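Biologist: Can you take me through this model? Start with the terms, please.

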Amino acid sequence: MTKIFEEELHFLNQVEDKNDECYGERDTYDTNTIEKLKIEFPNLPNDYFCYLQEIGWGSFRECSFMVYSSPANLQEFGVGDLYVNIPANYIFFGDDMSGDYAGFDITATKDEVIELWHEDETIYQTKKTFKQYIREKMRFKKKKI
């Protein structure tokens, strides 16, 4: 199987502070678990599932971003009462550790990440695929040869 997050995993191994309390707090999923998630969440993009299998859920870059063990709606997080105007078709896979959520519109035809900005409850269309979005959150940079 071709790994689509090989560069990103290599990058994280090079730049993350191994002495930081968040280092190594990611767990990958096996194929069976990924298949169960795909059945439960059939409208989510494949690169999201690949990420969970190759890099894993948990935090990265000194706890600057958290990818959840499973996508969920705001009610499942226990904050649904705070965000009553957010449609049920938004499901969230992570957050920036400061209250802004990242997720998907499960009714959209494009695999683009959305963000919920907690300050004003705005849904922002990032126009980025999951891979593009997560690389940005990692502050991914290719090494120049």
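Modeller: Buried means under 20% relative accessible area, exposed means over 50%, and partly exposed lies in between, with a 1.4 Å probe and protein chains only. Helices (H or I, at least four residues) and strands (E, at least two) are DSSP runs, numbered from the N terminus.

Biologist: And the ground rules?

Modeller: This is a predicted model, where local features need pLDDT of at least 70, side-chain atom pairs count only at pLDDT 80 or more, and totals for chains, interfaces and linings use all residues. Residues are numbered from 1 along each chain as its sequence is written, and side-chain values use heavy atoms, leaving out hydrogens and water.

Biologist: Is β4 mostly covered or mostly open?

Modeller: Mostly covered: six of the six residues in β4 are buried. For the chain, 41% of the 145 residues count as buried.

Biologist: Which strands does β4 pair with?

Modeller: Strands count as paired if DSSP finds at least two bridges between them. β4 (residues 90–95) pairs with β3 (residues 65–72) in the antiparallel sense over three bridges, and with β5 (residues 101–105), also antiparallel, over five bridges. Val 67 stands opposite Gly 94, and Ile 91 stands opposite Phe 104.

Biologist: What sits between β4 and β5?

Modeller: Five residues, as the two strands form a hairpin, and Met 97 in the turn has a positive phi of about 65°.

Biologist: How many strands are in the sheet, and in what order?

Modeller: Seven, in the order β1-β2-β3-β4-β5-β6-β7, with antiparallel pairing in an open sheet. The edge strands, β1 (26–27) and β7 (122–125), each pair on one side only.

Biologist: Helices now. How do the axes of α3 and α5 cross?

Modeller: At roughly 45°, and the axes of α3 (residues 46–54) and α5 (residues 130–138) come within 8 Å. Axes are lines fitted to C-alpha atoms, for helices over the stretch in contact, with angles from 0 to 180 degrees between N-to-C directions. Under 35 degrees counts as roughly parallel, over 145 as roughly antiparallel, 65 to 115 as roughly perpendicular and the rest as oblique, so α3 and α5 are oblique to each other.

Biologist: Which residues meet there?

Modeller: With contact meaning heavy atoms within 4.5 Å, Asp 47, Tyr 48 and Tyr 51 in α3 meet Phe 130, Lys 131, Ile 134 and Met 138 in α5.

Biologist: Last one: what does the C-alpha trace span?

Modeller: About 45 × 30 × 25 Å along the principal axes of the chain. The chain has five helices and seven strands.
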